[in-house]
Amino acid sequence: MKDLIKALPKAELHLHIEGSLEPELMFELSKRNNIKIPYKTVEEVKAAYNFTNLQSFLDIYYAGANVLITKQDFYDMTWEYILKCKEDNVIHTEIFFDPQTHTQRGIAFETVISGIKEALDEAKKQFGITSEIIMCFLRHLSQEEAFETLNQSLAYKNNIIGVGLDSSELGNPPKKFEEVFKKAKNEGFKLVAHAGEEGDVSYIEDALDLLQIQRIDHGVQAINSETLMKRLKDEQIPLTVCPNSNIELKVFENYKEHNIKELLDFGLNITVNSDDPAYFKGYMNQNFYNLCDNLPLSKEDIIKLVKNSFKSAFISDKLKEEYL
Ligand code: ES4
Ligand code: ZN
């Protein structure tokens with residue numbers, strides 16, 4: 001099974017680039033930019049990655065991003081992720097970034113997007129890896145701040161395919177961002193949102209109905225509504241599921257408890273993704289290995305999951321045909 005997973009060309013649809021910042025690079029950047037981090041060794045950092053829920057992770061994740069200052073920093077982080085894609089045979093990736101995590105600290109939108117984009121261009125040139133960029137609004141901030149970010153992004157529209165919604169889900173429902181998603185849609189952006197990670201079924205339904213999203217990030221709580229399950233199946237709305245993330249953030253107690261096999265067997269359009277691989281113990285292939293080690297996934301299931309990612313990617317029909 002491992003050989004099959006390794007050999008299959010894969011696509012990734014749910015990856016926060018800030019979540020690919022490995023402790024080693026975090027130390028290097030903290031030195032380079034003279035920014036203090038609250039750890040002495042890489043081991044100490046890894047020991048701190050012991051989460052109880054989404055918020056306990058986000059606190060540490062936003063602190064880690066403080067070492068990112070220059071365009072070169074964003075380039076280096078993105079390039080390291082690309083090397084992992086190469087290693088795992090990920091041939092297409094759609095990466096999230098959180099502009100507000102950086103603009104709030106006085107880093108220019110331009111610095112962030114150009115560093116990421118140049119690394120992705122190099123990935124295409126050197127390895128043929130194709131990619132898209134999706135910017136996410138931080139849902140713990142206001143809709144007004146999301147509007148500011150959307151306005152800033154318009155100058156880089158050519159390089160940003162879509163808009164997403166991430167950060168603290170509970171207490172920050174989709175409705176809070178209804179207007180800004182409407183504007184993003186009018187501007188021609190594709191729309192996605194984290195929904196049903198920790199939030200209940202209503203977060204998924206509202207993300208679909210109020211925000212008009214085309215893919216659901218996580219979505220594993222859908223299992224609690226038969227009506228929603230049927231809708232997701234009928235409309236084949238993609239769910240970008242992140243197994244390692246769900247275990248590390250205690251959405252499920254362990255891999256054997258994960259519901260991905262049930263979701264897949266029901267006929268939903270399920271994909272496998274790594275979310276924040278530097279924080280959640282592994283990149284794309286490791287997510288598949290952990291599933292296969294603990295759940296009765298067949299060879300056909302693995303192939304289905306991989307095909308679903310290409311089917312659900314924001315790529316042209318021509319490229320889809322090539323990849324499928
Ligand atoms: C995230 Cl796992 C997860 N959930 C919500 N927001 C996030 N940002 C980065 N990782
Ligand atoms: Zn995520």
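Colleague: What makes you call Asp276 buried or exposed?

Modeller: The rule is a count of neighbours: a residue is buried if 20 or more other C-beta atoms lie within 10 Å of its own, exposed if 12 or fewer, and partly exposed in between, with the C-beta atoms placed from the backbone. Asp276 has 25 other C-beta atoms within 10 Å, and therefore it is buried. This is a predicted model, in which local features need pLDDT of at least 70 and side-chain atom pairs count only at pLDDT 80 or more, while totals for chains, interfaces and linings use all residues. Residues are numbered from 1 along each chain as its sequence is written, and chains are lettered from A and ligands numbered from 1 in the order in which they are written.

Colleague: Where does Asp276 lie, and which residues does Asp276 touch?

Modeller: Asp276 is part of the loop between strand 8 and helix 14, where helices (H or I, at least four residues) and strands (E, at least two) are DSSP runs, numbered from the N terminus. Contact requires that the C-beta atoms of two residues, placed from the backbone, lie within 7 Å; not counting residues up to four places away in sequence, Asp276 touches His16, Gly19, Tyr61 and Ser245.

Colleague: Which residues are around ligand 1, and how many of them are nonpolar, polar or charged?

Modeller: A residue is near a molecule if its C-beta atom, placed from the backbone, lies within 6 Å of it, and around ligand 1 this gives His16, Gly19, Leu54, Asp166, Ser167, His194, Glu197, Ser245, Asp275 and Asp276. Ala, Val, Leu, Ile, Met, Phe, Trp, Tyr, Cys and Pro count as nonpolar, Asp, Glu, Lys and Arg as charged, and the others, Gly among them, as polar. The shell therefore divides into 1 nonpolar, 5 polar and 4 charged residues.

Colleague: Which residues does UniProt place under "binding site"?

Modeller: The unreviewed UniProt entry places this feature at His14, His16, His194 and Asp275. They are spread over 262 residues of sequence but cluster in space, the largest C-alpha distance being 11.7 Å. The "binding site" annotation from the unreviewed entry also covers Asp276. UniProt positions follow the numbering used here, feature names are shortened, and annotations may be inferred rather than shown by experiment.

Colleague: How do you know whether His14 and Asp275 are buried or exposed?

Modeller: His14, found in strand 1, has 30 other C-beta atoms within 10 Å and is therefore buried. Asp275, found in the loop between strand 8 and helix 14, has 29 C-beta neighbours inside 10 Å, so Asp275 also counts as buried. Neighbours within four places in sequence aside, His14 is in contact with residues including Asp217, Thr240 and Asp275, and the contacts of Asp275 include His14, His16 and Phe280.

Colleague: What makes strands 1 and 8 the edges of the sheet?

Modeller: Two strands pair if DSSP finds at least two bridges between them, and by that rule the open sheet of 8 strands has the order 1-2-3-4-5-6-7-8, with parallel pairing. Strand 1 (10–16) and strand 8 (269–272) each have a single partner strand, so one side of each is left without a neighbour in the sheet. Neighbouring strands are turned by 25° against each other on average, direction ignored; axes here are lines fitted to C-alpha atoms, for helices over the stretch in contact, and angles run from 0 to 180 degrees between N-to-C directions. Helix 7 (residues 109–127) packs on the sheet, touching strand 2 (90–97) and strand 3 (130–138), and its direction makes about 160° with that of strand 3.

Colleague: How many bridges join strand 2 to strand 3, and how many residues of strand 3 are buried?

Modeller: Strands 2 and 3 run parallel and are joined by 6 bridges, with Thr93 opposite Ser131 in strand 3. Strand 3 is mostly covered, as 7 of its 9 residues are buried.
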